[in-house]
Amino acid sequence: MSDEHYLELCDNPVQFENASSVNNVFFDEANKQVFAVRSGGATGVVVKGPDDKNSVAFRMDDKGEVKCIKFSIGNKILAVQRTSKAVMFCQMNLQCVVLEVSCLCFVFRSLQTKNASVLGFCWTNWNEIVFITDQGIEFYQVFPDKRSVKLLKSQSINVNWYQYCPETAVILLSTTVQGNVLQPFAFRSGTMSKMSKFEIELPVVPKPAKLSLSERDIAMATIYGQLYVMYLKHHSRTANSPSAEVVLYHLPREGACKKSHVLKLNTTGKFALNIVDNLVVVHHQSSQTSLIFDIRLREPDCAVNTHQPVLPARSIHPYRIPLSDSSSWSVFQPDIIISASEGYLWYLQVKLPPTVNLLQDKGKLMDFLLRRRDCKMVILSVCSQILEGGEKGSLPVVATVFDKLNQVYKEYLEAEQTYTLAMESGPSRGSAAQKRPVRTQAVIDQSDMYTHVLSAFTERKGVSHKFIIAVLMEYIRSLNQFQITVQHYLYELVIKTLVQHNLFYMLHQFLQYHVLSDSKPLVRATPQPRLSTANDEIVEVLLSKQQVLGALRFIRSVGGHDNVSARKFLDAAQQTGDQMLFYTVFRFFQQRNQRLRGNPAFNPGEHCEEHVVHFKQLFGEQALMKPATV
Amino acid sequence: CEVYAAPRMATGMQEKQYTPSLLSFFIYNPSFGPREGEEEKKILFYHPCDVEKNEKIRNVGLCEAIVQFTRTFCPTKPAKSLHTQKNRQFFFEPEDNFWIVMVVRNPMIEKPNKDGKPPTIEYQEEEILDTVYGAVLRQCYSMYKLFNGTFGRAMEAGGVELLTQKLEKFFYRYLQTLHLQSCDLLDVFGGISFFPLDKMTYLKIQSFVNRVEESLSLVKYTAFLYNDQLIWSGLEQDDMRILYKYLTTSLFPRHSEPELAGRDSPLRPEVAGNLLHYGRFLTGPANLKDPEAKFRFPKIFVNKEDSYEELHLIVYKAMSAAACFMISASVELTREFCEQLDSLVGPQLTLLASDICEQFNINRRISGPDKEPQFKFIYFNHMNLAEKSTIHMRKTASVSLTSVHPDLMKILGDINCDFARVDEDEEIIVKAMTDYWVVGKKSDQRELYVILNQKNANLIEVNEEVKRLCATQFNNIFFLD
């Protein structure tokens with residue numbers, strides 16, 4: 001069980017003083033900072049960010065209970081809300097570790113609408129802030145030096161609650177009595193734009209109308225670069241929905257919001273959502289387990305865009321999350337889990353190795369892994385694993401996996417090529433500058449496969465050569481299918497395997513159909529400037545791999561052994577340091593000389609004098625073949 | 001162009017021309033009846049069988065004597081053939097002391113005489129080539145060995161009695177399929193015609209073969225052919241060479257008729273109800289659904305290092321694609337296995353066949369409209385046994401048709417003999433009587449014979465023309481990629 005936990009909390013959580021009667025804890029999703037406010041700030045405010053340089057400590061006057069506290073982007077301005085009517089701004093001087101901030105403060109209470117109560121505020125920039133009140137939304141610019149604010153834009157609208165997605169600077173307002181009409185606003189350096197509103201389909205429409213959509217059931221996050229509103233739709237006895245589901249609404253920058261995906265939870269109860277590595281993680285309270293969904297993974301047996309969990313439910317390693325009411329664990333987007341009572345902030349992480357054994361369908365597993373961030377080594381280990389198994393019928397699986405890898409590899413190569421071409425043709429006129437394509441870990445190239453998978457696989461004992469050749473050919477087939485130029489070392493691997501098993505006729509057939517020799521030279525760093533035929537190339541490859549006998553057998557199989565250079569073979573044999581090998585090769589050529597010229601001696605033109613000397617040194621003069629007496 | 005089929009009639013009014021034909025064919029072992037009066041024991045097979053016993057003994061004795069006599073000149077290379085006015089004898093010792101002799105009657109012209117005199121017969125003893133018929137004789141043995149193993153094997157298993165039975169059974173039918181009149185240079189080469197294919201489709205076939213061998217682990221070797229041309233052989237070259245000969249000259253022609261036959265023809269095989277694929281067995285059961293179907297396949301023998309290996313030969317075909325699966329003969333093949341093979345291979349092979357066909361048509365379109373090349377040639381590569389001929393029409397079970405005059409074929413054979421004598425690269429240009437130029441080129445294990453019809457060309461022009469052809473046509477003669 002223990003190695004099946006595919007979710008874990010990070011090793012280095014952010015630690016802070018745990019929440020207590022004297023210490024209030026706040027979390028700012030925008031800066032991912034935890035504020036520990038002791039005694040209303042009088043005995044200190046400690047701010048802990050994701051890393052140490054975001055940590056600040058200061059003191060401020062206790063002017064009542066703090067309801068909300070947030071830094072602007074870059075810790076420039078601190079905003080503190082103590083009442084539902086007013087927010088205080090403080091300019092920070094972060095040179096000092098402990099600051100006395102009260103002197104720099106000014107209070108801002110001239111809100112647009114009288115009697116409105118502030119539901120909350122969000123910083124969208126270092127000096128731009130949005131107030132959400134029950135009566136509307138107000139966008140201000142703050143000038144701490146002048147101790148003033150300037151209204152940039154406002155909109156009147158009845159608001160039940162709001163959600164903020166700092167990543168995209170989009171604020172979502174719940175409006176209408178039932179609360180299920182959602183109005184998003186997008187913010188970008190001084191501008192506020194209203195996006196098209198949309199309605200969440202409620203499982204039951206209450207009569208009389210009352211607030212029916214809770215902010216706990218809505219979350220916003222970006223998945224695969226797109227903004228989604230996630231709605232946790234609980235099961236209802238009256239409506240025909242046996243179990244809960246998560247409904248995803250795609251929220252594009254332009255255009256209407258559309259219901260796009262349905263994630264089937266197949267259970268009921270209380271849930272919480274996270275997004276990790278573009279996966280939707282759904283925590284289930286009562287079973288203390290979590291499910292993950294990949295919205296890009298196509299489900300063959302489901303209706304369009306309906307998704308089942310990728311993997312069976314498992315708890316988070318090594319903790320179980322008690323999401324009970326008494327607990328102070330909270331979940332924040334995208335991937336944050338906070339235990340205020342214990343004083344920890346964790347990032348949730350996906351562990352890929354356990355997924356390998358949980359997902360039996362290797363094609364689906366590859367689809368899943370190829371979209372994950374740290375996937376390379378896991379993918380390579382899966383490749384090794386399926387080759388190791390050598391189970392019956394694994395070739396089609398091997399082929400599917402290779403095709404999926406090469407699909408991604410090819411897309412990267414093409415993007416790279418387009419980029420290079422664009423760069424060569426000079427800076428583009430007006431059009432958006434080409435970005436160099438990012439090489440993600442999912443790009444598994446031939447050298448990765450060779451180094452981590454194929455090379456070891458061909459060396460392994462007990463694997464039939466038939467299977468080795470089949471796998472290599474399958475990889476070459478897949479590369480060809482995606483029109484990727486095959487690297488010479490893969491050909492070398494095939495040649496080596498064929499020669500080791502004396503499968504010369506197969507080798508010939510591959511050469512005949514140009515499967516092995518391609519535009520790229522088969523040979524690296526050979527002294528010969530030009531190689532006339534594929535046979536010569538193969539001999540060179542084998543000699544460079546010290547497979548001297550293999551090379552001899554090969555050249556004899558093609559009937560070329562009367563014409564090859566003895567010196568080349570003797571050199572190679574001598575270099576191996578294997579005396580018996582040298583003896584064998586030497587005798588082979590002596591016999592050839594005898595057959596061709598009736599004399600075992602080498603011709604001066606063959607330049608084998610040093611080898612003759614070497615032979616005499618090793619085996620003595622008398623070991624030399626004597627010319628047959630006439 | 002004209003098509004010359006043998007036997008042919010000469011143009012002269014009543015002159016009758018006879019093509020070379022088989023006079024007799026016998027197999028003997030001198031060690032089986034060394035003593036006088038036991039000579040008959042030496043004879044293991046004799047065709048024609050109705051020859052009187054003493055004549056058989058006389059003929060065998062003569063052969064023995066000739067071989068013995070010529071051994072005195074060269075102990076390692078006794079005579080291979082004996083030329084006489086009326087016929088030519090070929091000797092071949094495939095295994096120790098086992099001799100196969102083939103006697104071919106020379107072609108002849110019968111000229112009628114006036115005044116009721118018997119016609120004059122003119123033997124054309126120089127018209128036939130040792131290389132061609134020597135190769136035919138060796139092929140006879142190879143074919144026997146493919147289906148029966150060596151003579152020695154039969155001797156071990158059941159002595160002379162079994163061997164003579166096997167020889168009788170095999171050669172009785174085989175000799176009827178020998179068409180000596182249409183043997184030519186291609187028999188000397190005994191080559192394999194490879195199907196031109198792009199790399200990607202070739203790799204798909206590799207993938208198919210590997211997958212089938214993986215899922216049907218009984219399959220030891222696989223060969224893949226398309227349009228009677230080889231694409232892949234898991235067998236060694238020499239075994240494939242003779243199996244290819246069997247498939248293309250015997251098995252495939254026998255089965256091509258049903259495919260060509262119309263829908264309602266009684267020749268058309270019974271097709272199963274829902275047609276998911278076009279696969280069917282060419283050897284073994286004709287119809288899997290038949291409850292009486294027998295799951296017996298021909299057995300073949302292939303070389304394995306120092307011995308040989310006995311295999312079931314399953315030939316399975318879908319459209320123009322044929323796959324040969326070879327399975328150890330020690331395994332008994334069942335209905336279940338055949339059904340499994342059918343359901344696994346049938347759909348894949350059907351798909352592959354249409355892929356190959358499509359790809360082939362694309363390649364042909366790229367390489368130009370399928371017009372006949374302006375020249376005729378035969379190409380052979382000794383290294384991979386690849387042969388290609390634009391002279392020969394499609395082979396059938398009975399005859400092979402050539403599109404050039406037999407005289408030209410004879411010239412090709414002669415050039416080939418000249419090449420065989422020397423080891424070096426050579427080129428021979430011949431001006432034939434009929435205004436044709438015949439050019440033979442040999443270089444680096446490859447032989448090319450070109451026939452040009454350019455009446456007024458001189459030697460230099462012909463030479464230039466062939467050079468041009470080599471550069472344009474033979475760069476990639478086999479593989480359009």
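Which residue takes a positive phi just after α11(A)? That would be A:G577, with a phi of about 75°.

This is a predicted model, where local features need pLDDT of at least 70, side-chain atom pairs count only at pLDDT 80 or more, and totals for chains, interfaces and linings use all residues. Residues are numbered from 1 along each chain as its sequence is written, chains are lettered from A and ligands numbered from 1 in the order in which they are written, and side-chain values use heavy atoms, with hydrogens and water left out.

**View 1. Helix α11 of chain A and its buried face.** This helix covers residues 566-576 (helices are DSSP runs of H or I, at least four residues, and strands are runs of E, at least two, numbered from the N terminus). Its buried residues are A:A566, A:F569, A:L570, A:A572 and A:A573 (buried means under 20% relative accessible area, exposed over 50%, partly exposed in between, with a 1.4 Å probe and protein chains only). An α-helix has 3.6 residues a turn, so residues three or four places apart point the same way.

**View 2. A:F457 in helix α5 of chain A.** The helix spans residues 446-459, and A:F457 is buried, at a relative accessible area of 0%. Setting aside neighbours within four places in sequence, A:F457 is in contact (heavy atoms within 4.5 Å) with A:L387, A:V463, A:F467, A:I468 and A:V471. One of these, A:F467, sits 10 residues away in sequence and 10 Å away in space, C-alpha to C-alpha.

**View 3. Where chain B meets chain A.** Here 34 residues of chain B are in contact with 29 residues of chain A. The two chains bury about 2,700 Å² between them, 57% of it on carbon and sulfur atoms (the accessible area, 1.4 Å probe, that two parts lose on being put together, summed over both). On the chain B side, B:K199, B:L203 and B:E214 lose the most area, together 24% of what that side buries.

**View 4. A salt bridge between B:E213 and A:K466.** Their closest N and O atoms are 3.1 Å apart. The count between the two chains is two salt bridges (a side-chain nitrogen of Lys or Arg within 4 Å of a carboxyl oxygen of Asp or Glu). On chain B, α5 (199-215), β9 (219-226), β10 (229-233) and α6 (237-260) each supply at least two residues of the side that touches chain A, and α5(B) gives the most, with 12 residues.

Terms used. Arc of directions from axis to C-beta.
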